[in-house]
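Please look at the sequence and the 3D structure together, and keep both in view while you read the paragraphs that follow.

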2 protein chains.
Amino acid sequence: MLAPTKLALSGERFRVTYQIVGARNEALRKAEEICIEQTVEFPADLVPDDDIRAHVFGRIESVEQRDDRLFYVQISYAIETAGQEITQLLNVIFGNTSMQPDIQVADLALPASLLATYAGPRFGIPGLRALLGVYDRPLLCTAIKPIGLSAEALARMTGEFALGGIDLIKDDHGLADQVFAPYAERVKRCAEAVQEANQRTGRRSLYVANVTAPGRALWERAYLAKAAGAGGLLVAPGIVGYDRMQALADDPQLGLPILLHPALLGSFVAHPYTGMAHGVVFGLLGRLAGADVTIFPNFGGRFSFSREACLAIADAAKQPLGGLKPIFPAPAGGMRVERVDDMLAFYGVDAVLLIGGDLHRHPNGIYAASQRFLETVLAGAQRLGVEQGT
Amino acid sequence: MLAPTKLALSGERFRVTYQIVGARNEALRKAEEICIEQTVEFPADLVPDDDIRAHVFGRIESVEQRDDRLFYVQISYAIETAGQEITQLLNVIFGNTSMQPDIQVADLALPASLLATYAGPRFGIPGLRALLGVYDRPLLCTAIKPIGLSAEALARMTGEFALGGIDLIKDDHGLADQVFAPYAERVKRCAEAVQEANQRTGRRSLYVANVTAPGRALWERAYLAKAAGAGGLLVAPGIVGYDRMQALADDPQLGLPILLHPALLGSFVAHPYTGMAHGVVFGLLGRLAGADVTIFPNFGGRFSFSREACLAIADAAKQPLGGLKPIFPAPAGGMRVERVDDMLAFYGVDAVLLIGGDLHRHPNGIYAASQRFLETVLAGAQRLGVEQGT
């Protein structure tokens, strides 16, 4: 038995809703185990009747039965258990319990006191719109690719996209620092190509450099991108951690918009009874960690996310969250210009529409394809505005 | 259609075995899609008959049918697609395909040329044994906890464990930089407690500090640990990325053993048809990224890993892998001293046996519990040696 511990805590708690599969008694037993596993990870019977037991242990706040074998259990944790660090917040939410079967993080409710310790997105929807000078339509995004092309070829492509009217021209997430198109050369050429195009069009398109890279190279590439005149950074938090996306977003010397790429995050949402819910992974955590745009595979494309999952992501991206700015959902993954109206109706104008490969199919090339994309979005946004009486 | 591209590649390729669920034609279609998705992510019909098509596209090397609806498809990729970066290697292996249902990374085969670009574990089994001066038995490990105790209380606990004979005394992964036991104070006190104990016992126990922390704080904590005299670092690559574990291992100014903690990695292995196999997540990738010890929940404990999964991890930890040192599997998660003989028989002497909460149950305290743990391991290892005629 431990000696009794006295603690001075704020009394503020954050809440995690776990979806638990099992009969009622089994689900409740699992919930009680989560309360211990995610906090003290220590035999409960060896903790005296002290402040650790009263406040540090997770606490079951509510139990909602969805069907015979499906329960939603809300557990609260003292905000002090997570400190003010997203790494430890993730750890308390799901660290060890990620290794238990049939438990999913369904939702997350963070009190204002905890949210206040996160700066969140530097730009968000209003900031990115102001940066681009685009207020009344979804933003247009594409990716330069494929891997294997030279930096010169990719830069040429970047320039044509910018001339054609794409707002955000990002590295494909597979472009890192390979021999084909080394990072430093690619970023310099692509940023220049966009700047030249902007001078001709009068628009403010941005080139977004992929800085998903090992160790300190992530920072070197981010500063190189800034110095080269790139207008944003692409990061895959599934590979480098949400905390590094946050650090990039928070860095005042960089001050660049952040696009979240979903690479490797799929395993969290690959199964309905494990991992974490789509809205948590791509929406809430992405936003907490400073993404201005969250990219995810849209329903009806090359991937298998459902309409409901996509809606949950968009909701989490935009719903009130303390003082944190709303961010753009960016449905992607095999989208085509023909889907623009669908996406507009579903996501509204506050979305980034990301079309990649399809823009290469236009018989007159990617400049013409980009123009058509822009015209389609402008017409669709206008129609939607008329329908909604704005 | 793209213009034809000419490339100068090494011809070296690495191989990923994907487990794919579906009827044969469906599985083969998915495999062909993986070849594109994980490399060019570009409409294949728009790539001419050039070097990108011939060498950059993934290539199906073999198809093995396990049952009516289960296939193992080996796909090879040019090593140049991954550059020399573990972040991009992860991306090529599973980045976007992690978002497809019913596909699992079952295995990974990296050629010597690619392995040569990874330093791997700095110590591995031989190095950590030399550091501790322990050659003929499993290493003993425990965790200081629970969260809520003061740095002073945790340091007292650390000292008792060291006096009792525990080799590796690590922070619980839930100890970060909370108000209860701030990092800097905790690490200083705990490192001192172990050093004092070592002077009395003549042993070389190590205090292992948890440096899983956001952004640059990870590095500040690692250097603080080094300066304070900590003997190792605990990292959760599921939270901060495999690449940062690698950067910590590779850093010559730190030069400390690395213990991999499995927090948040569970979602990769939570379902048999999604994510990545246990041996890949905890064994191969951990070792590639420089872990000297890989901690995972043993079968028959508080978690649900199977015997087969644990064996796969242990195999991946120790089997030949280019010039990379073998590393210690560290079965954990609700282990008790009564399980020592089982674990010895299953894992052999080259294992780290991690017992946490159970050491607090001994009627005479954790010093006595540690002594009993050590005696049990010594007796078991001797018995095993006699049985094996060594």
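A residue is called buried when its relative accessible area is under 20%, exposed when that area is over 50%, and partly exposed in between, with a 1.4 Å probe and protein chains only. By this rule A:L89, with a relative accessible area of 1%, is buried. This is a predicted model, in which local features need pLDDT of at least 70 and side-chain atom pairs count only at pLDDT 80 or more, while totals for chains, interfaces and linings use all residues. Residues are numbered from 1 along each chain as its sequence is written, chains are lettered from A and ligands numbered from 1 in the order in which they are written, and side-chain values use heavy atoms, with hydrogens and water left out.

The residue A:L89 is found in helix α3 of chain A, where helices (H or I, at least four residues) and strands (E, at least two) are DSSP runs numbered from the N terminus. Leaving aside residues up to four places away in sequence, A:L89 touches A:F14, A:A82, A:L110, A:L114, A:Y118 and A:L288; contact here means heavy atoms within 4.5 Å.

Strand β10 (residues 293-297) of chain B is mostly covered, since five of its five residues are buried. In a regular strand the side chains alternate between the two faces of the sheet. In β10(B) both faces are covered, with B:V293, B:I295 and B:P297 buried on one side and B:T294 and B:F296 buried on the other.

Which strands are joined to β10(B) by bridges? Strand β9 (residues 258-260) of chain B runs parallel to β10(B) and is joined to it by two bridges, and two strands are said to pair if DSSP finds at least two bridges between them. In this pairing B:L259 stands opposite B:V293 of β10(B). The chain passes from β9(B) to β10(B) through helix α11 (residues 278-288) of chain B, in a β-α-β crossover that is right-handed; this word applies if, with the strands pointing away from the viewer, the path from the first strand over the helix to the second runs clockwise. Strand β11 (residues 328-332) of chain B also runs parallel to β10(B), and five bridges join the two, with B:P329 in β11(B) as the bridge partner of B:T294. Here the chain crosses from β10(B) through helix α12 (residues 307-318) of chain B to β11(B), and this β-α-β crossover is right-handed.

Next comes the interface between the chains. In chain A, 80 residues are in contact with 79 residues of chain B. The size of an interface is often given as the accessible area lost when the parts come together. Between chain A and chain B the buried area (the accessible area, with a 1.4 Å probe, that two parts lose on being put together, summed over both) is about 6,800 Å², of which carbon and sulfur atoms give 60%. Across this interface the rule finds 14 salt bridges, a salt bridge being a side-chain nitrogen of Lys or Arg within 4 Å of a carboxyl oxygen of Asp or Glu. One of the helices that supply at least two residues of the side of chain A that touches chain B is α8 (217-228) of chain A, while the largest share of that side, five residues, comes from α3(A).

Over all chains, the rule counts 44 salt bridges. One of them joins the side chains of B:D243 and A:R244 (2.7 Å, N to O), and this pair crosses between chains, from helix α10 (residues 242-250) of chain B to helix α10 of chain A. Both ends are covered, as B:D243 is buried with a relative accessible area of 1% and A:R244 counts as buried at 2% relative accessibility. By contrast, B:E64 and B:R66 form a salt bridge whose closest N and O atoms are 2.7 Å apart, and there B:E64 is partly exposed at 39%, as is B:R66 at 47%.

A further salt bridge joins the side chains of B:D350 and B:R129 (2.8 Å, N to O). B:D350 lies in the loop between α13 (340-347) and β12 (352-354) of chain B and B:R129 in helix α5 (residues 124-132) of chain B, so the pair ties together parts that are 221 residues apart in sequence.
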